[in-house]
Amino acid sequence: MSRPIRTLAAAAAAIALVSACNSASTNGTSPGGSGDAPGNTRGVTADSIKVGGIVSMTTASGYSKKDTDLGAKARYLRANAEGGVHGRKIEYLGAEDDGQDPAKNMAAARKLVQQDKVFAVSPMSSVTFSGADFLEQEKVPTFGWGTLPSFCGPKYIYGFNGCLVPTPGGTLNQTWPEGIGQILGGAQGKSVAIIANDSDAGKFGIRTFQQGFTSAGFKVSYAKASVPGTAVPSDWSAYVKEILSSNDGKAPDAVVSVMQTPNNIGLFTALKRSGYQGLLSDPTDYDPGLLAQDATRQALDGIHVLLQFQPFESADPQMAQFKADIKAAAGGKDVPLNMHMLTGYMSADLFVSIAQKAGKGLTVESFQAAAQGFSDTGTLVGDRALPKGQKDSFGCGALVQLKNGAYEVSVPFKCYEPIPFK
């Protein structure tokens, strides 16, 4: 049984590592081996389905996605309590910690497939996914948050809310620009500054969100991937000076950060100290655990956070089910909810839903066939459909604001028409 228990692309070095390491992969054809021979049932027995995860539990900056593991465990425990998947219980091995390191991500993928012989990897939650090519080559169904290009296009890799960083020909989720437009009373005549880390991930984020905000009617006055990705700056004054004069010598109406919490705290604190009165937003800081420290709570107060799922404050019955499942997985304790839990939970939920559709004779082939025609409605991430989700976002989301020590819904969960990505 199980053991105890958010941004975009891996660096170029990680991609090179993938290429170097893939040459050693195997393609066994017998049940329990890797590869996708006819009738491949790797990780499947008469009464169980073996699943593992890869999560950045620890990182150099202290940022952790560890609760992704708890979220996945919660969904698998409920599936098992309800009789499993066509009588098979899910044997969740828990998540391997990749330390947000490309080499460890690859090593974790290899371990799960070659040593543990899992049927699927769900969840996969890290800003580096160097094991993607290996898992695709070994035909291992893999599920996670589609904020990496690896979730957009491969046959065996699925984003629980679709592909959020598509290649040309795909679409962009417009929740963030449309939501901020609603808060500001419309996008026309409004300006926005977008800032990200100096990395392949940050550059891709700037490209996508610059297009999205422009399409929504905003003037993008500043769009730079200029913040070091390896260490949090101790002095933000140069960035603040550039941002606050970017709108024809004036401050923009909104500043959006495509970075993780430690960077957001530094940037937003510096902007506030400079006297900036505009809207601040990021896609990361929806985590009640951040409210435990006064300094963190004050730094993030007033921030609007992008969500691509129903807010925890929602009265939706499925949110009530999620909360009950998390409490059960935490041993009956009320634990602070965070977006990482929902990442793990919805990754597991999509896997379970497709496996149920695949029927009793579960193989890699039957699972893939079921995925190709899969759809459902009204989930915590909106309406889901495959293979659409391997190219496009499901287009849904919300915004919440941290205000006076608590999160409030600033833009309710809604599905927006995505735009073509160019």
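**Note on salt bridges, a pocket and a sheet in a predicted model**

1. Asp294 and Arg297 form a salt bridge in which the closest N and O atoms are 2.2 Å apart; the term denotes a side-chain nitrogen of Lys or Arg within 4 Å of a carboxyl oxygen of Asp or Glu. The two residues are three positions apart in helix α9 (residues 294–300), and are therefore separated by about one helical turn. Helices (H or I, at least four residues) and strands (E, at least two) are DSSP runs, numbered from the N terminus. Asp294 is partly exposed at 46% relative accessibility, and Arg297 is partly exposed at 24%. Here buried means under 20% relative accessible area, exposed over 50%, and partly exposed in between (1.4 Å probe, protein chains only).

2. The model is predicted, so local features need pLDDT of at least 70 and side-chain atom pairs count only at pLDDT 80 or more, whereas totals for chains, interfaces and linings use all residues. Residues are numbered from 1 along each chain as its sequence is written, and side-chain values use heavy atoms, with hydrogens and water left out.

3. The structure holds twelve salt bridges. One of them joins the side chains of Asp67 and Lys66, at 3.4 Å from N to O. Asp67 counts as buried, at 18% relative accessibility, while Lys66 counts as partly exposed, at 45%.

4. Another salt bridge links the side chains of Asp349 and Arg384, at 3.0 Å from N to O. Asp349 belongs to helix α11 (residues 339–358) and Arg384 to strand β13 (residues 382–385), so this pair ties together parts that are 35 residues apart in sequence. Both Asp349 and Arg384 are buried. Through salt bridges with shared partners, Arg75, Asp349, Asp376 and Arg384 are joined into one network.

5. The second largest pocket has a volume of about 300 Å³. On a 1 Å grid over the protein atoms alone, a pocket is an open set of points where a 1.4 Å probe fits, with protein on both sides within 12 Å along at least five of seven lines; lining residues have an atom within 4 Å of a point. Grid points are joined across faces, edges and corners, and a volume is the space filled by probe spheres set on the points. Of the 19 lining residues, Ser64, Asp287, Leu290, Asn338 and His340 are the closest to the centre of the second largest pocket. Helices α8 (261–273) and α11 each supply at least two residues of this lining. By class, the lining comprises six nonpolar, eight polar and five charged residues. Ala, Val, Leu, Ile, Met, Phe, Trp, Tyr, Cys and Pro count as nonpolar, Asp, Glu, Lys and Arg as charged, and the others, Gly among them, as polar.

6. Seven strands form an open sheet with mixed pairing, in the order β8-β7-β9-β10-β11-β14-β15; two strands pair if DSSP finds at least two bridges between them. At the edges stand β8 (219–228) and β15 (406–415), each with a single partner strand, so one side of each is left without a neighbour in the sheet. Strands β9 (residues 254–258) and β10 (residues 279–282) pair in the parallel sense over three bridges. Leu280 in β10 is the bridge partner of Val255.

7. Pro412 lies in strand β15 and is exposed, with a relative accessible area of 53%. Pro412 and Lys73 are 339 residues apart in sequence and 28 Å apart in space, C-alpha to C-alpha.
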